[in-house]
Amino acid sequence: MADPRVAPTVHASAVLIGGRGILLRGASGAGKSILALDLLAEAARRGLDAALVADDRTVLQPTHGRLIARAATTLAGRAELRGLGIVEVAHEPAMVVALVVDVVWEQPPRLPDAIDETIVVEGILLPHVVSWSQDRAPVLKLWHAIARLDGWPVAAEK
């Protein structure tokens, strides 16, 4: 297993929600950190277990047909809130990636092609969705994408 202190990293955040790993990739300033924290808050609102795995720099490792994500050791349990600084956040050491979200500057098409619904990362085929960095309701849209993963609730728990 790669040492997360020296392993190559990608510019991404990672959250674990209800046992499912969500990898949020994108350029600096695209909104990955705030989107990760907003997803964690929505999971808490819905009564689901959730935790940050990585913010900003994420180590990815293909293992036995799955993609494992973890934070670089120096960043574990920390997230950046632009304008506020680094904050401590409940975290898990690693996760299996179940969904890849690319946070992009360009507005994506209103109706994506079916071919865009999956992506290969480190040799592993995974569900994929694009999130526009300027979207006013990204959590709502991502929650519907997450619901496509077998058995996830879209409506709030009562």
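Reader: What volume does the second largest pocket have?

Author: About 390 Å³. A pocket here is an open set of points on a 1 Å grid over the protein atoms alone, where a 1.4 Å probe fits, with protein on both sides within 12 Å along at least five of seven lines. The volume is the space filled by probe spheres set on the points. This is a predicted model: local features need pLDDT of at least 70, side-chain atom pairs need 80 or more, and totals for linings use all residues. Residues are numbered from 1 along each chain, and side-chain values use heavy atoms, without hydrogens or water.

Reader: How many residues line the second largest pocket?

Author: 21, where lining means having an atom within 4 Å of a point. Ala30, Gly31, Lys32, Ser33 and Ile34 lie nearest its centre.

Reader: Which element gives the largest share of that lining?

Author: Helix 1, with five residues. Helices are DSSP runs of H or I, at least four residues.

Reader: New topic. At what angle do the axes of helix 1 and helix 2 cross?

Author: Roughly 65°, and the axes come within 10 Å. Axes are lines fitted to C-alpha atoms over the stretch in contact, with angles from 0 to 180 degrees between N-to-C directions. Helix 1 and helix 2 are therefore roughly perpendicular (65 to 115 degrees).

Reader: Which residues make the contact?

Author: Contact means heavy atoms within 4.5 Å. Helix 1 gives Leu35, Asp38, Leu39, Glu42 and Ala43. Helix 2 gives Pro138, Val139, Leu142, Trp143 and Ile146.

Definitions and conventions: Helices (H or I, at least four residues) and strands (E, at least two) are DSSP runs, numbered from the N terminus. Angles under 35 degrees count as roughly parallel, over 145 as roughly antiparallel, 65 to 115 as roughly perpendicular and the rest as oblique.
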